[in-house]
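Reader: Hey, can you walk me through this one? I'm new to looking at structures.

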Amino acid sequence: MRLYHSPGSRSTRVLWTLEEIGAPYDVTILTREERRGEEHRRRHPLGRVPALELDDGRILLESAAICLHLGDLYPESGIVPAIGSPQRPFVYQWTFFAMAELEPTLIGWARLLGEERDGTESQERFAEQAAMLEAVLRDGPWLLGESFSVADVICSKILNLAFSRDPSDRFAELRAYTERALARPANLRAEAVGRD
Ligand SMILES: N[C@@H](CCC(=O)N[C@@H](CS)C(=O)NCC(=O)O)C(=O)O
């Protein structure tokens, strides 16, 4: 497998997942210009990362889909529970929650603040989402309870967008969860490989 990656981007989730499963892989680091160039647009028509070249040469897009697929390829890693197990539906739930609820809220909020516009609505939406996650995390260290999953990779990476910018002690439990996840050896290895 080969990951087309750019430091600080959504492809860091995939790099971390590759390190969690212990699969052999190669990485090609792309600059902004290379992402938009013709060669990369043949892989990703929108000129984005991540793009993962599979062993058979096909290209898989969308960070969450790639991470879920990698977990399925390496079931012994435990980061995507087996089909039919009680936890399987919840890895979908929290992964889609991260992508469809959390990410748009936090990216939208960052954009508003960057444009010096009112971010109150985004802030309120995030407060509700954060409370929801904190309630779940009272049952265990990870979103699925005792076992770390792809949902934690994606949620914690997105949450870090908020917490790395906000030095306050709001959502202390969620902040501690984010730090716990990001401190995993697989993520530290991924950061070294990905130059983050
Ligand atoms: N929904 C896609 C979004 C991918 C995406 O927007 N990637 C950004 C980097 S985080 C990108 O490559 N943008 C194009 C650019 O900055 O040139 C995914 O999760 O894979």
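Reader: Which residues touch the most other members of the largest nonpolar core?
Author: Phe 126, Leu 133 and Leu 174, out of 49 residues in that core. A nonpolar core is a set of buried Ala, Val, Leu, Ile, Met, Phe, Trp, Tyr and Cys residues joined through side-chain atoms within 4.5 Å, and buried means under 20% relative accessible area with a 1.4 Å probe, protein chains only.

Reader: And which helix gives the most to this core?
Author: α7, with 9 residues. Helices are DSSP runs (H or I, at least four residues), numbered from the N terminus.

Reader: Is this an experiment or a prediction?
Author: It's a predicted model, where local features need pLDDT of at least 70, side-chain atom pairs count only at pLDDT 80 or more, and totals for chains, interfaces and linings use all residues. Residues are numbered from 1 along each chain as its sequence is written, and side-chain values use heavy atoms, with hydrogens and water left out.

Reader: Back to Leu 174, what is it in contact with?
Author: Skipping neighbours within four places in sequence, Leu 174 is in contact with Ala 130, Leu 133, Glu 134, Leu 137, Leu 159 and Phe 163. Contact means heavy atoms within 4.5 Å.

Reader: What comes just after α1?
Author: Gly 22, which takes a positive phi of about 70°.

Definitions and conventions
Helix = DSSP H or I, 4+ residues; strand = E, 2+ residues; numbered from the N terminus. Buried < 20%, exposed > 50% of the residue type's maximum accessible area, 1.4 Å probe, protein only.
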